[in-house]
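Notebook open, model loaded. I'll jot down what I look up as I go.

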Amino acid sequence: MNLKECYSALGGNYESVLSRLMTEKLVNRFVLKFLNDASYENLVNSLKDENIEEAFRAAHTLKGVCQNLSFDRLFESSNAITEVLRDGNITMANEILPKVEFDYKQTIDAIKNLD
């Protein structure tokens, strides 16, 4: 799958990220770096530990990375969990987490299928 197809599969906006980063090579480099980003794992672990402050930080970081890379679908769900954690609502965050997990896995799977 090429980069444009990858963005379609992960629910992202290829044109938006390309206009921001200017070259497909640069977009590709940052997309592949996302595989090593620990924000999602930190979010899950922090929620398990009921550490709202760390969960918020991880969710906020994940949201920002997704926004910069135009991973729109994952941005939306990570934004939702960020906002409930900002309010300290761990119960609601745990209700949103499955959507974040689904979107994250779709994103990772699409990236792993890049040519």
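Where is aspartate 49 found? I looked it up and landed in the loop between helix 4 and helix 5. For the notes, helices are DSSP runs (H or I, at least four residues; strands would be E, at least two), numbered from the N terminus.

Ground rules before going on. This is a predicted model, where local features need pLDDT of at least 70 and side-chain atom pairs count only at pLDDT 80 or more, while totals for chains, interfaces and linings use all residues. Residues are numbered from 1 along each chain as its sequence is written, and side-chain values use heavy atoms, with hydrogens and water left out.

My cut-offs are under 20% for buried, over 50% for exposed and partly exposed in between, with a 1.4 Å probe and protein chains only. I also checked aspartate 49 against proline 98, 49 residues apart along the chain, and their C-alpha atoms are separated by 17 Å.

Glutamate 50 lies in the loop between helix 4 and helix 5 (52-69). Its phi is near 55°, a positive value in a residue other than glycine. Glutamate 50 counts as exposed, at 61% relative accessibility.

Then I stepped back into helix 4 (residues 39-48), where serine 46 lies. Serine 46 counts as buried at 10% relative accessibility. Leaving out residues up to four places away in sequence, I find serine 46 touching Asn51, Glu54 and Ala55; contact means heavy atoms within 4.5 Å.

**Loop between helix 5 and helix 6**

Serine 70 was next, in the loop between helix 5 and helix 6 (72-86). Phi is positive here too, near 60° for serine 70, which is a residue other than glycine. Is serine 70 buried or exposed? At 3% relative accessibility, serine 70 counts as buried.

**Helix 2 and its neighbour**

I started at the N-terminal end of helix 2 (residues 14-21), which asparagine 13 caps: a side-chain oxygen lies 3.3 Å from the backbone nitrogen of glutamate 15. After helix 2 comes methionine 22, with a positive phi near 80°.

How do helix 2 and helix 3 (residues 24-33) pack, and at what angle? I read an angle of about 110°, with the axes 9 Å apart. That makes helix 2 roughly perpendicular to helix 3. The axes are lines fitted to C-alpha atoms, for helices over the stretch in contact, and angles run from 0 to 180 degrees between N-to-C directions. Roughly perpendicular is 65 to 115 degrees; under 35 counts as roughly parallel, over 145 as roughly antiparallel and the rest as oblique.

On the helix 2 side I listed Tyr14, Val17, Leu18 and Leu21, which meet Glu24, Leu26, Val27 and Phe30 in helix 3.

**Cysteines**

How many disulfides does the structure hold? I count 0 disulfides, a disulfide being a pair of cysteine sulfur atoms within 2.5 Å. The sulfur of cysteine 6 has its closest cysteine sulfur in cysteine 66, 12 Å off, so the two are too far apart for a bond. Cysteine 6 is buried, with a relative accessible area of 0%, and cysteine 66 also counts as buried, at 0% relative accessibility.

Serine 78 has its place in helix 6 and counts as buried, at 0% relative accessibility. A polar atom of its side chain lies 3.1 Å from the backbone oxygen of phenylalanine 75. Beyond four places in sequence, serine 78 touches Ala59, Leu62, Lys63 and Val100.

Threonine 107 sits in helix 7. At 1% relative accessibility, threonine 107 counts as buried. Its side chain reaches the backbone oxygen of aspartate 103 at 2.9 Å. Not counting residues up to four places away in sequence, threonine 107 touches Leu10, Phe34, Phe71 and Leu74.

Last entry: isoleucine 108, in helix 7 (residues 90-112). Isoleucine 108 is buried, with a relative accessible area of 10%, and touches Phe34 and Leu35, not counting residues up to four places away in sequence.

Conventions:
A polar contact is a pair of N or O atoms within 3.5 Å; within protein, one must be able to donate a hydrogen and the other to accept it, and residues adjacent in sequence count only if both atoms are side-chain atoms.
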